Amino acid sequence: MAISSPESTDLANTVSTPAGSVELQRLPHLTDYLSNIETRPNPLQSNPYYHPSHGFYISDSDVVFRRITFDLAQTPNSGSKQPAYHRAGPRKEVVFDPTGVRAAIVTCGGLCPGMNTVIRELVIGLWELYGVRRIFGVGAGYRGFYSRDPVELNPKLVHNLHKKGGTILETSRGGFDLGKIVDAIERHGFNQLYIIGGDGTMRGAVKIFDEIRRRKLNIGVAGIPKTVDNDIGIIDRSFGFQTAVEMAQQAIAAGHVEAESGVNGIGLVKLMGRSTGHIALHATLSSRDVDCCLIPETPFFLEGKGGLLEFLENRIKENGHAVVVVAEGAGQELIPRTEAQKEERDESGNPVFLDVGSWLKSEFRSWWSRSHPNELFTVKYIDPTYMIRAVPANAVDNMYCTLVAHSAIHGVMAGYTGFVSGPVNGIYAYIPLVEVAETKNEVNVKDHKWAWVRSVTNQPDFIRV
């Protein structure tokens, strides 16, 4: 039977909290622009390995609040509305006939632990849960849609992918040509797209979704946010982040051993984080060996009272060594660069960062030779960036990848489109792509988590006095 958009449920102003009413964020659906969509029973109902029980299927009235903490002492703003999202999961009815599905999976941007696991779980979920038999991988990122032939995927081919780092599909940055991409999607007959990538990839996915909607094509689009930096907004965290923090511990431990084993030693460890310092922050909290954590969200300076060099001198006097963790985007404004370097961009259009680790190492050596010309000193610089990105996902991230991939499948099969699947306050939800693409998850240096870092390291706030 033909259906209308499930967004007809009027939930936006029916729930009140101490902070105001709750507004359900509108989730795009194929019926928004196609009138001939029909529903059919979810194939899970007849799956011999599934026995859906009462409450198994998620209804359109089941939502996840974006914010779950409130100050009961505060008077709510009468005009404020707290956002809520549709809960992810299987629906009782779907709009796609599995025999007519041609699904495409693409990975874009840099590597991240868990990419292969997501590919595996998308293939297994489509094949085993819904009976889809035509699943394709698009190689080399966005440009692969129009420059390569897709590769057919099946459960046997992807069986052991969760044990391997990287992506079996290969990946790249850039290559985004909207017209060519959507033309290729039409030419190949794809009607489900699963796009795995970071914030730039999600912005591209928004454009693809908008163009598909403009052409009124019966194609579901789902984004699966991937960034080892954990800088994608709204969701609790992105896959691969836990693995990255775990691997960062090994680098910090090595830096600590090197620093402790030298005379007046500094162990300098650079971790990923172009615009956010989540890996550096969590690795510092987990390590207990770190004396100073430098992240992009809070500035620092070297020379003078209250500066980094003064702090390190005091710490070396106290302990004989020091360990410094720096995110790759920290201190970029301090590094001298030529006019050409200021204008340089990578394939994705991002400014090219200089190596803050190498710069700090040089600055530390120059400082010590000036201040202590006749004393021994050593700086050991460790950059584990590509080692961390290329490893397989750990157990926690592998479980995350399974849930986020299956959530995306359930959503697309039900006719939702232009969304991202991910955990919000521990519950998997569907979030409009445009919201995720426009939101950045930066470290809030005014909250308790950054205060915990300060309490662990006893580092100053690097404010000039």
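Helices (H or I, at least four residues) and strands (E, at least two) are DSSP runs, numbered from the N terminus. By this convention, F65 is placed in strand 4 (residues 63–65). The structure described here is a predicted model, in which local features need pLDDT of at least 70, side-chain atom pairs count only at pLDDT 80 or more, and totals for chains, interfaces and linings use all residues. Residues are numbered from 1 along each chain as its sequence is written, and side-chain values use heavy atoms, with hydrogens and water left out.

F65 is partly exposed, at a relative accessible area of 28%. Its C-alpha atom is separated by 9.1 Å from that of H86, 21 residues apart along the chain.

Strand 7 (residues 103–107) is mostly covered, with five of its five residues buried. In a regular strand the side chains alternate between the two faces of the sheet. In strand 7, A103, I105 and T107 point one way, while A104 and V106 point the other way, and all are buried. Two strands pair if DSSP finds at least two bridges between them. Strand 7 pairs with strand 8 in the parallel sense over four bridges, and V138 in strand 8 is the bridge partner of V106.

An open sheet of four strands, with parallel pairing, has the order 13-14-12-15. Strand 13 (292–294) and strand 15 (378–382) stand at the edges with a single partner strand each, so one side of each is left without a neighbour in the sheet. On average, neighbouring strands of this sheet are turned by 15° against each other, direction ignored. Within the sheet, strand 12 (residues 265–271) and strand 14 (residues 321–327) are paired in the parallel sense over seven bridges; G267 stands opposite V323 in strand 14. Helix 8 (residues 308–319) packs on the sheet, where it touches strand 12, strand 13 and strand 14, and its direction makes about 145° with that of strand 14. For such angles, axes are lines fitted to C-alpha atoms, for helices over the stretch in contact, and the values run from 0 to 180 degrees between N-to-C directions.

Helix 7 (residues 278–287) is largely enclosed by the rest of the structure, because eight of its ten residues are buried. The buried residues are H278, I279, A280, L281, A283, T284, L285 and S287. Contact means heavy atoms within 4.5 Å. The buried residues of helix 7 pack against helix 6, strand 12, strand 13, strand 14 and helix 14 (448–457). Just after helix 7, R288 takes a positive phi of about 70°.

H188 is found in helix 4 and is buried, with a relative accessible area of 19%. Leaving aside neighbours within four places in sequence, H188 is in contact with R102, F145, R148 and P150.

**The annotated residue D229**

UniProt, in an unreviewed entry, lists D229 for "active site". UniProt positions are given in the numbering used here, feature names are shortened, and annotations may be inferred rather than shown by experiment. D229 is found in the loop between strand 11 (220–225) and helix 6 (241–261), and at 10% relative accessibility D229 counts as buried. Apart from its neighbours within four places in sequence, D229 is in contact with M272, G273, R274, T276, H278, I279 and E328.

**Aromatic rings**

Rings of Phe, Tyr and Trp (its six-membered ring) pair if their centres lie within 6.5 Å; planes under 30 degrees apart count as stacked, over 60 as edge-to-face and the rest as tilted.

| Pair | Centre to centre | Angle between planes | Class |
|---|---|---|---|
| F56 and Y57 | 5.1 Å | 80° | edge-to-face |
| F136 and F190 | 5.8 Å | 45° | tilted |

F136 counts as buried at 8% relative accessibility, and F190 counts as buried at 3%. F56 is partly exposed, with a relative accessible area of 25%, whereas Y57 is buried at 16%. Ring pairs link Y50, F56 and Y57 into a cluster.

Terms used
Buried means under 20% relative accessible area, exposed over 50%, partly exposed in between (1.4 Å probe, protein chains only).
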